[in-house]
Amino acid sequence: YQRRVHGTLSECLFFFRIFFISFVRTMPPSRNWEDFKKIPLHMGTLVHYKLCFERADKDHNGRIDLMELGDWAQGLGLRNITYEDLKRMIREVDDNHNGKVDFWEFLSIQLYISMGLAASVDLREFTRFLCQTYTG
């Protein structure tokens, strides 16, 4: 990854969060979608993360692929990140198994960490809930 890409603190945290979540993750108690419906999602939060996502999606196809993820991570100073690390990051939230991070998958990890949901919500189930609820 040769290009230097600048990002916001929020963008940097996205990678930091995904990279370390698989190492510190415990199985949270709730996998109940009724509990997920109670989690507030404010329009300002949604817009903020949509703009972050669009900055990472360099080819504007609505998905962050492995190369875009690597470019962004490198640009944010994560120099020792490996191909396997990148694949693991994507795999952690890739609900539709396309090998890329779509917006709702991106949003799920952002909300999961920023709202402190790890103690009460299963990440994969929360990602599935967001993707299926908002994409039909």
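1. A residue is called buried here when its relative accessible area is under 20%, exposed when over 50%, and partly exposed in between (1.4 Å probe, protein chains only). C131 is buried on that basis, with a relative accessible area of 10%. C52 also counts as buried, at 1%.

2. A word on the ground rules: this is a predicted model, with local features needing pLDDT of at least 70 and side-chain atom pairs counted only at pLDDT 80 or more, while totals for chains, interfaces and linings use all residues. Residues are numbered from 1 along each chain as its sequence is written, and side-chain values use heavy atoms, without hydrogens and water.

3. Back to the cysteines: how many disulfides does a search of the whole structure find? The search returns zero, a disulfide being a pair of cysteine sulfur atoms within 2.5 Å.

4. Helix α3 (residues 43-56) packs on helix α6 (residues 103-114) at about 120 degrees, with the axes 10 Å apart. Axes are lines fitted to C-alpha atoms, for helices over the stretch in contact, and angles run from 0 to 180 degrees between N-to-C directions. The two helices, α3 and α6, are therefore oblique to each other (under 35 degrees is roughly parallel, over 145 roughly antiparallel, 65 to 115 roughly perpendicular, the rest oblique).

5. Contact means heavy atoms within 4.5 Å. On the α3 side, T45, L46, Y49, K50, C52 and F53 take part, and α6 brings F103, W104, F106, L107, Q110, L111 and S114.

6. The axes of α4 (residues 66-75) and α5 (residues 83-93) come within 10 Å and cross at roughly 115 degrees. That makes α4 roughly perpendicular to α5.

Technical notes: Helices (H or I, at least four residues) and strands (E, at least two) are DSSP runs, numbered from the N terminus.
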